[in-house]
Structures are given as C-alpha cells and as structure tokens.
Amino acid sequence: MSQKIVLMFLLLAVVGTTMVQGQGTRVGFYATTCRRAESIVRATVQSHFTSDSSIAPGLLRMHFHDCFVNGCDASILIDGANTEKTAAPNLLLRGYDVIADAKTQLEAECPGVVSCADIVALAARDSVVLANGLTWPVPTGRRDGRVSLASDTSNLPGFTDSVDVQKQKFAAFGLNAQDLVTLVGGHTIGTTACQFFRYRLYNFTTTGNGADPSINPSFVSQLQTLCPQNGDGSRRIALDTGSQNRFDSSFFSNLRSGQGILESDQKLWTDATTRTFVQRFLGVRGLAGLTFGVEFGRSMVKMSNIGVKTGTNGEIRRVCSAIN
C-alpha cells in the first residue's frame with residue numbers, strides 16, 4: 001500500500017473520530033464504568049414515550065436550551081429561585097420527570113458515575129429515534145455544572161429573531177448557518193402555543209389580509225380558525241403541519257410553501273442566506289443535496305459539545321435537580 005493511501009486512511013479515521021467526540025467527550029465513555037448506561041436511558045425514554053409521544057420534542061428542546069446556556073451541563077435541571085428553568089423561554093419545557101427517572105435507575109446501577117448532562121444528551125437522541133428519525137453516536141463524558149441563573153438565558157434564540165440574529169447566536173457557539181437550519185429542523189416534531197405566533201395573523205400589516213405576508217394566504221385562514229384573535233393563547237399547534245409526530249424533512253417543505261408557524265422559522269426561507277440550505281434538504285435540482293437525518297446527527301454532536309465540563313470540572317450530581 002502506498003504512503004499516499006495510508007495517509008488518506010489515517011485522515012479519514014481522524015475525521016470520523018472528530019465527528020463523534022470533542023473536548024474530552026467520547027462515544028462509549030461508560031463502556032467499562034456503567035456498561036448499561038445508554039440502554040437504561042433508552043428504555044426509560046421509550047417507556048415515557050409509549051405513554052405520551054409528545055415527550056420526544058420536549059426532551060429534544062431541553063437539550064438545546066441546556067447547551068445554549070453555560071454549555072451542555074444540565075444546568076437547566078436545577079431547581080430553585082431564579083434558576084434557568086424559571087426563565088421565560090424555559091417555562092414550558094417538558095421532560096424533567098424522564099431525566100429524573102433515568103437518573104434514579106442509573107444511581108441504583110452505577111452510583112455517582114453517569115452525569116445528568118449525559119442523560120439529557122442521550123435522551124434527546126433517543127427521542128428523535130422514537131419519532132422515526134435516524135440515530136447517531138452520542139459522545140459522553142460530560143460533567144454537571146454547579147451554576148444555573150435565569151439571567152444567563154438571554155442568548156437563547158427567540159421566535160421573532162431575524163436570521164442575522166439567529167446566525168450570531170449560533171456562531172457564538174461555533175455553529176454555522178448550515179447547523180442553524182439543520183437544528184431548527186428539529187421543529188419537525190412538536191407543537192407551539194398560539195401566543196407565540198398569533199401576532200402574525202392579525203394586524204401584522206395594514207394591507208391585504210393583515211397577516212404576515214410571508215404566510216401562504218390560504219394557510220392564514222386555517223391558522224386563524226385554530227388561533228382566534230381573542231382565543232386561548234395556550235392552545236397547542238403543530239410546528240410541522242401534517243407531520244408533527246414524525247421526524248422527517250417535511251418541515252422544510254412547509255417553509256417553502258409559506259407554512260412555517262414561527263416567524264423565526266419562516267425567515268429561514270425568506271432570507272437568501274439560509275434558503276439555500278432549506279433547498280438542499282429538499283433536493284432542489286442544481287444544488288448539492290443534503291440528507292436531513294444524517295446532517296441533524298452531525299449538528300447535534302457539534303451542539304452537544306458546547307462548553308462541556310470534563311475531567312475535574314463540574315461534578316456528577318446525585319440528584320439532577322440539585323447540586324451536590
């Protein structure tokens with residue numbers, strides 16, 4: 001075998017490894033210290049999912065909200081006044097009981113070994129798989145943070161953010177425009193409340209039907225029926241019309257059709273700098289195609305390594321809702 005070929009294989013090996021590890025995390029971190037760690041988390045998520053499939057988007061969103069504030073360190077789980085979970089963007093997060101359930105089982109199996117941060121990361125992956133998405137290897141070895149402040153949540157992406165603002169928030173954590181579009185594609189499962197998009201339907205403009213012009217006119221009336229102007233603001237509406245329980249690329253088809261529910265989501269189509277990535281996920285002719293399930297796993301690995309605490313940093317919480 002020539003030296004050039006040997007070097008090529010070595011390069012491919014390094015690239016393949018860096019896709020699934022970083023900053024001290026690695027796939028199979030618990031292979032010897034808690035062999036059943038990942039299977040216990042998987043079984044726990046599956047048990048809760050069987051009772052309530054809406055837990056899948058809840059766990060996925062929890063991981064995202066955790067990583068964007070002080071890194072992926074399970075600070076989102078800590079109880080107390082003025083902690084992250086009390087901040088406005090986190091008030092409707094769900095899945096805390098699933099994480100606590102998995103932690104209880106893991107503490108019985110391997111006391112003081114598996115971090116809450118790793119449970120959150122694994123549960124997010126398992127949720128996607130249960131919703132018919134592709135799996136990916138999750139690097140583990142994170143430790144849990146000791147700080148959780150509601151005041152630190154201001155950098156979480158918001159539903160009215162422009163694409164430029166969204167890109168800035170993602171770039172601050174080493175995530176590029178493709179990662180942005182890919183990770184927002186997680187909205188293919190789950191719901192949002194009328195209160196977060198109803199303003200787009202009434203008196204948004206003084207012309208036409210008064211709605212946000214980026215919404216397909218035929219879709220406006222459907223949304224107005226679901227979310228009357230003075231109706232229940234807490235009513236839940238699918239983020240991916242027609243496919244809210246299946247992890248697929250239809251979310252991007254809806255953006256192309258002017259059927260994005262959140263303003264920040266629809267802007268991924270109306271802004272030329274992100275539209276190309278949406279088109280690539282849709283297989284538009286003339287553009288290099290992207291496979292959503294594959295790219296989602298890659299971007300999730302990048303996100304899951306944001307600001308992780310490893311080695312002697314942080315701790316392994318005994319109970320996920322409180323520091324030791």
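A charge counts as sitting over a ring if NZ of Lys or CZ of Arg is within 6 Å of the ring centre and within 35 degrees of the ring normal. In this predicted model, the charged end of Arg275 meets that definition over the ring of Trp269, at 5.7 Å from its centre. Lys85 also lies over a ring face, that of Tyr96, with 4.0 Å to the ring centre.

Now, confidence. The mean pLDDT of the protein is 92, and 93% of its residues reach 70 or more. Residues 1-20 have pLDDT below 50, and beyond near neighbours in sequence this stretch has 9 contacts in the model. Where pLDDT is low, the predicted coordinates should not be read in detail.

Next, the ring pairs. The structure holds 16 aromatic pairs. Phe64 and Phe68 have ring centres 4.6 Å apart and planes at 20°, so this pair is stacked. Phe64 is buried at 18% relative accessible area, and Phe68 is buried at 0%. Phe159 and Tyr199 make a tilted pair, with 6.3 Å between centres and 45° between planes. That pair links distant parts of the chain, 40 residues apart. Phe159 is partly exposed at 32%, as is Tyr199 at 29%. There is also a cluster linked by ring pairs, including Trp136, Phe247 and Phe296.

Last, His65. The unreviewed UniProt entry lists His65 under "active site". Is His65 buried or exposed? The cut-off for buried is under 20% relative accessible area, and His65 has 8%, so His65 is buried. His65 lies in helix α3, residues 55-67. Leaving aside neighbours within four places in sequence, His65 contacts Pro89, Asn90, Leu93 and Leu156.

Notes: Residues are numbered from 1 along each chain as its sequence is written. This is a predicted model: local features need pLDDT of at least 70, side-chain atom pairs count only at pLDDT 80 or more; totals for chains, interfaces and linings use all residues. Side-chain values use heavy atoms; hydrogens and water are left out. UniProt positions are given in the numbering used here, feature names are shortened, and annotations may be inferred rather than shown by experiment. Helices (H or I, at least four residues) and strands (E, at least two) are DSSP runs, numbered from the N terminus. Buried means under 20% relative accessible area, exposed over 50%, partly exposed in between (1.4 Å probe, protein chains only). Contact means heavy atoms within 4.5 Å. pLDDT is the predictor's confidence in each residue, from 0 to 100. Rings of Phe, Tyr and Trp (its six-membered ring) pair if their centres lie within 6.5 Å; planes under 30 degrees apart count as stacked, over 60 as edge-to-face and the rest as tilted.
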